[in-house]
Amino acid sequence: MRRLSRCVGLSAAVALTGLAVTACGGGAEAEERPAAKSSSSPSSAAPSPSATPVVEKQAPPAKTLAGAARVVRPEIAPANGEKVGVGQPLALVFKQQKVSPELRAGIEGRLKVSTSPQVPGAWHWNETKGDTRVHFRPEKFWPAGTKVTLDARLAGVQLADGTAAAGDRKVSFTIGDSMVNTVDLKTRKMTVVRNGKTLRTIEISGGDESKGFGTREGVKTILAKEGRVVMDSLSIGIPRNHPDGFFGSYDYSMRETISGEYVHAAPDNAESFGKENVSHGCIGMSTDNAKWLYGMSLKGDVVRVVGSTKPKPMDRFGNGYGDWNIDWQEWLAGSALGVRTGA
């Protein structure tokens, strides 16, 4: 019996997004507005720093609040000392807390991002499921090898009436090699490009669109490398003895969304690789290919999905990192201060 891949369990590495797992590709969308088509071509090779001079907008003084009734410590990703892929945004999340729009410029002024080599970027604000997120990214993917440091001087900074941020934080991380994986659902192939060189084309099977289980289209990133993952159709309300039911462990699993899309080994679907899409949203491949890709990959590597016949756009926020599906001008419109130099 053909198994359709779904998965259960929530890695601590992806808890930052605050969305419960509902299984591979399933559950309600994280936000109502679909992802927009990006005109900034983020899937191209990592850019060189812009030759156009960047003049930073002056930040107003941040408002502070002594003796706040509520204090919120933002969650930050990546973690200090991590090496991540070129698609990894710098993310701060204020859990279950709105941040007043009129205070955001002052808060951005307290979020100093330094890069080496110098790479301009911008913050972007979003509210999803009661959380306020502020993410920083360049116009296109990070150049490989970039060193990034966030100096967040937020202690006592007002977030809203009666609420302040807790504690100053400093986080440094490094961008690894450029890994951009393009999944074509029409040809059922994944093309793996590392530092601009195509290393391998892998036959895959994606989500079965005829049953409403299509793989989310657009640009995603690897959220976590979880290894062996138990996948159980009961997690989405399908009995294990149903024709679409299943239960089993799948190796070399890398999570793309909180709702449960993975790239993983799926030997029980071997007859479908390169021929048809039969999963519930995951990208399955042979064990040998999955093992090879797992060993090459980092959290933050890019997975770009194209070729859907019934497009199901990747969520922008709240279900992983859909940041790169927003074009640069719209990204800047969601910032209080605009482009920062990275100096």
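Glutamine 96 is exposed, with a relative accessible area of 53%. That value comes from a predicted model, as does everything else I will show. The residue lies in the loop between β4, residues 90–94, and α1, residues 104–109. What is the phi of glutamine 96? Phi is near 50°, a positive value in a residue other than glycine.

Lysine 129 is exposed, at a relative accessible area of 54%, where the cut-off for exposed is over 50%.

Staying with the backbone, there are cis peptide bonds to point out. One joins alanine 77 and proline 78, with omega about 0°. Proline 78 is in the loop between β2, 75–77, and β3, 83–84. Another runs from serine 116 to proline 117, with omega near 0°. Proline 117 is found in the loop between β5, 111–116, and β6.

Now the aromatic rings. Searching the whole structure gives 5 aromatic pairs. Take tryptophan 123 and phenylalanine 136: the ring centres are 5.2 Å apart and the planes are at 65°, so this pair is edge-to-face, the cut-off for that class being over 60 degrees. Which parts of the chain does this pair tie together? Tryptophan 123 is in strand β6, residues 122–128, and phenylalanine 136 is in strand β7, residues 131–137, so the parts tied together are 13 residues apart in sequence. Tryptophan 123 is buried, with a relative accessible area of 0%. Phenylalanine 136 is buried as well, at a relative accessible area of 0%.

The next pair is phenylalanine 317 with tryptophan 331. Here the centres are 6.5 Å apart and the planes are at 25°, so the pair counts as stacked. Phenylalanine 317 lies in the loop between β20, 302–306, and α3, 328–333, while tryptophan 331 is in helix α3; the pair therefore ties together parts 14 residues apart in sequence. Are these two residues buried or exposed? Both phenylalanine 317 and tryptophan 331 are buried.

Back to tryptophan 123 for a moment: ring pairs link Trp123, Phe136 and Trp142 into a cluster.

Last, charges over rings. Tryptophan 331 has the charged end of arginine 137 over its ring, 4.6 Å from the ring centre. Likewise, the charged end of lysine 225 sits over the ring of tyrosine 294, 4.6 Å from its centre.

Terms used:
Residues numbered from 1 in each chain as written. Predicted model: local features only at pLDDT ≥ 70, side-chain atom pairs only at ≥ 80, totals over all residues. Heavy atoms only, no water. Phe/Tyr/Trp six-rings, centres within 6.5 Å; stacked < 30°, edge-to-face > 60°. Helix = DSSP H or I, 4+ residues; strand = E, 2+ residues; numbered from the N terminus. Buried < 20%, exposed > 50% of the residue type's maximum accessible area, 1.4 Å probe, protein only. Lys NZ or Arg CZ within 6 Å of the ring centre and 35° of its normal.
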